[in-house]
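Colleague: Can you walk me through this one? I'm new to it.
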Amino acid sequence: MTSALLTDLYELTMLHGARQAGTASRRCVFEVFTRSLPEGRRYGALAGTARVLEAIADFQFDEADLRYLRRTGVLDEATLEHLSAYRFTGDVHGYEEGELYFPNSPVLRVEGTFEDAVMLETVVLSILNHDSGVASAGSRMITAARGRPCIEMGGRRIHEDAAIAAARAAFIVGFASTSNLAAGAHYRVPVAGTAAHAFTLLFDSEEEAFRAQLDSQGTGTTMLVDTYDVETAVRTAVRLAGTELGAVRLDSGDLGEQAHRVRALLDSLGATDTRVTATGDLDEYSVDELATAPLDGYGIGTRLVTGGGHPAPGFVYKLVEREGADGQMHPVGKRSEGKSTLGAGKSAYRLLVGGTARAELVLPGEEEVAEFERELTAELISAEASSDWARTTLRPLQVPMILGGEPVEEHRPPQRVEAARARHAASVGELGLDPEEGPDGPIAIPTLTDGVEAARVLR
């Protein structure tokens, strides 16, 4: 199956209408952005870009697709013939995967004719909204974990294919591993897992279950110790495995209180290097509350893979510039209340002062950027800027990903997730957020869309 039918019907009916009206070949610029962040979210984390590029490369209508579309009776033969030869031939620029985004950040810019670009809306948004929803929640969880490793283990809570993408997105924002084998096979995400309560319940006694697990997995395994009595289980595990037992896992009850008791018990038994991990419907808030507990890692599932209460960041795919009858490009955009769109294709930059992010600059055109730089220089001189302000830089956020329909070399599949993981860690580091402030807060940096005003605001 190709990716061509991962779309909405209206994209094809718009194509049909534009072809009949003679406007389908007009040059257009579409942008992907979100108008706002969920309440309390300080930033969003972009994931899914590499999957989008693969979907675009695979976006072509095969014979089965065309037979189905013909049966719907919606499109004429001329449009079906056009679709049979369709290949995206335009350009795509976007934020690197793992990058942070803010309200109105143009995370993807698609340029081409209307008939080239309009059909990509749904497949682009479905991937970016899902993967970025997971990544945005996961990044908050990693911050709350304060350096303690986290494993993604939510595959049983979502669609089987979405589970693979969720594990990939979680790894990009800092999760150490996943329980999902398909994610390990497809994307080389490290996998981890030992045993569930069912394994313990299979045996006539907990001791028999622990002995079987140690025989098959070795002393470095993680023992689940809350099937019956936690203290008894910990003592049994250490007696059987010795002080080299890898870890014990708590999955229920007051995790913080139990962690203190288990840590003290392990130490008293000489198992001072045995780790204590926690699972059980965790999210960034519960992980933050466990910050002072003697825990060595977390397993997180449902709240991560479903976006932490916000499964879709609200990315939209909007036409912002198009060719007119005069052959010139013109900015366009909605003016409706609450859904207005800033017209024109835009460039985006992260303003860094002394290495710390201060603003997201979203500016239409090179002249706007140059004007910002001139105004900022003037403001800094007049203000006798500090040494930090003297080290002001603009980091470009958009890079070419597809040019003339062909993937740029570094974005050809298969793309590895390590680069996206490094990009995310660096971008979060630029914000200078303090985990002690808790998961929620105001948006970390403002989005500024006027170069002259931006220079004055940031003085």
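Predicted model: local features only at pLDDT ≥ 70, side-chain atom pairs only at ≥ 80, totals over all residues.

Colleague: How much helix and strand is in residues 5–129?

Modeller: That stretch is 42% helix and 18% strand. Its end C-alpha atoms lie 18 Å apart.

Colleague: OK, helices. At what angle do α2 and α6 cross?

Modeller: Roughly 160 degrees. Helix α2 spans residues 49–57, helix α6 spans residues 121–145, and their axes come within 9 Å. With that angle over 145, α2 is roughly antiparallel to α6.

Colleague: And is the crossing left-handed or right-handed?

Modeller: Right-handed.

Colleague: Which residues make the contact?

Modeller: From α2, Thr-49, Arg-51, Val-52 and Ala-55. From α6, Val-123, Val-124, Ile-127, Leu-128 and Asp-131. By type, the α2–α6 contact has 6 nonpolar residues, 1 polar and 2 charged.

Colleague: Switching to strands. What order do they take in the open sheet?

Modeller: The order is β7-β6-β11-β10-β9-β8. That is 6 strands, with parallel pairing.

Colleague: Which strands stand at the edges?

Modeller: β7 (177–178) and β8 (222–224). Each has a single partner strand, so one side of each has no neighbour in the sheet.

Colleague: How many bridges link β10 and β11?

Modeller: 2 bridges, in the parallel sense. β10 covers residues 275–278 and β11 covers residues 297–300. Ala-278 sits opposite Tyr-298 of β11.

Colleague: Which strands does helix α12 touch?

Modeller: β9 (247–250) and β10. Helix α12, residues 255–268, packs on the sheet, and its direction makes about 155 degrees with that of β9.

Notes:
Residues numbered from 1 in each chain as written. Heavy atoms only, no water. Helix = DSSP H or I, 4+ residues; strand = E, 2+ residues; numbered from the N terminus. Axes fitted to C-alpha atoms, helices over the stretch in contact; angles between N-to-C directions. Parallel < 35°, antiparallel > 145°, perpendicular 65-115°, else oblique. Left-handed = near helix turned anticlockwise from the far one by under 90°. Contact = heavy atoms within 4.5 Å. Nonpolar A, V, L, I, M, F, W, Y, C, P; charged D, E, K, R; others polar. Pairing = 2+ DSSP bridges.
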